Amino acid sequence: MQTFELLFSRFYDKVLKDDLLAEVFKNMSPEHVNHVAHFVAEVFGGPKLYSSEDGGSHAQMVGHHIGKMLTEEKRRRWVHLLLQTADEIGLKSDPEFRSAFVGYLEWGTRIAVINSIITENPMNAEEPMPKWGWGEPGGPYIP
């Protein structure tokens, strides 16, 4: 958990200084960084901090992106900065983990962009948290 919290803390420091992304995140809550760290850790099989202690759900995470009008350029920058930060903090670099991590980032950020242009959350509130592993996709795709 400490690794994910460090990763997202350093990452969002970069995001807030980035010309393209700062505007999107300038009003994020003080809890945002930990919520994202908890969400991603839970998706990868870590403790269920996001869905229990944070009171979050997959539907709520999807809902945070509704109406944000994210672009492909912003998505790519977000992924680039996160992977750059992962390298800087020494996140595991073995091919299996990094492949799964990058796969999840690609899947999740593309879902975020799709949901950012709609006005209502397409997710059922009871939809389970995605699970990501080494080779199988981890969640439902709702167009």
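Biologist: What should I know about the model and the numbering before we start?
Modeller: This is a predicted model, where local features need pLDDT of at least 70, side-chain atom pairs count only at pLDDT 80 or more, and totals for chains, interfaces and linings use all residues. Residues are numbered from 1 along each chain as its sequence is written, and side-chain values use heavy atoms, with hydrogens and water left out.

Biologist: Helix 6 and helix 7, at what angle do they cross?
Modeller: Roughly 155 degrees, for helix 6 (residues 72-89) and helix 7 (residues 95-116), and their axes come within 10 Å. Helices are DSSP runs of H or I, at least four residues, numbered from the N terminus. Axes are lines fitted to C-alpha atoms over the stretch in contact, with angles from 0 to 180 degrees between N-to-C directions.

Biologist: Parallel or antiparallel?
Modeller: That angle makes helix 6 roughly antiparallel to helix 7. Angles over 145 degrees count that way; under 35 is roughly parallel, 65 to 115 roughly perpendicular, and the rest oblique.

Biologist: Which residues meet there?
Modeller: From helix 6, they include Trp78, Leu82 and Asp87; from helix 7, Phe101, Leu105 and Arg110 are among them. Contact means heavy atoms within 4.5 Å. By class, this contact has nine nonpolar, one polar and six charged residues. Ala, Val, Leu, Ile, Met, Phe, Trp, Tyr, Cys and Pro count as nonpolar, Asp, Glu, Lys and Arg as charged, and the others, Gly among them, as polar.

Biologist: And helix 1 with helix 6, what angle?
Modeller: About 130 degrees, with the axes of helix 1 (residues 2-15) and helix 6 lying 9 Å apart. The two are therefore oblique to each other. The classes are eleven nonpolar, three polar and three charged.

Biologist: New topic. Which residues lie nearest the centre of the largest pocket?
Modeller: His32, Val36, Met61, His64 and His65, out of 36 lining residues. A pocket is an open set of points on a 1 Å grid over the protein atoms alone, where a 1.4 Å probe fits, with protein on both sides within 12 Å along at least five of seven lines; lining residues have an atom within 4 Å of a point.

Biologist: Which helix gives the largest share of the lining?
Modeller: Helix 7, with nine residues.

Biologist: Last one. What is phi of Met69?
Modeller: Near 55 degrees, a positive value in a residue other than glycine. Met69 sits in the loop between helix 5 and helix 6.
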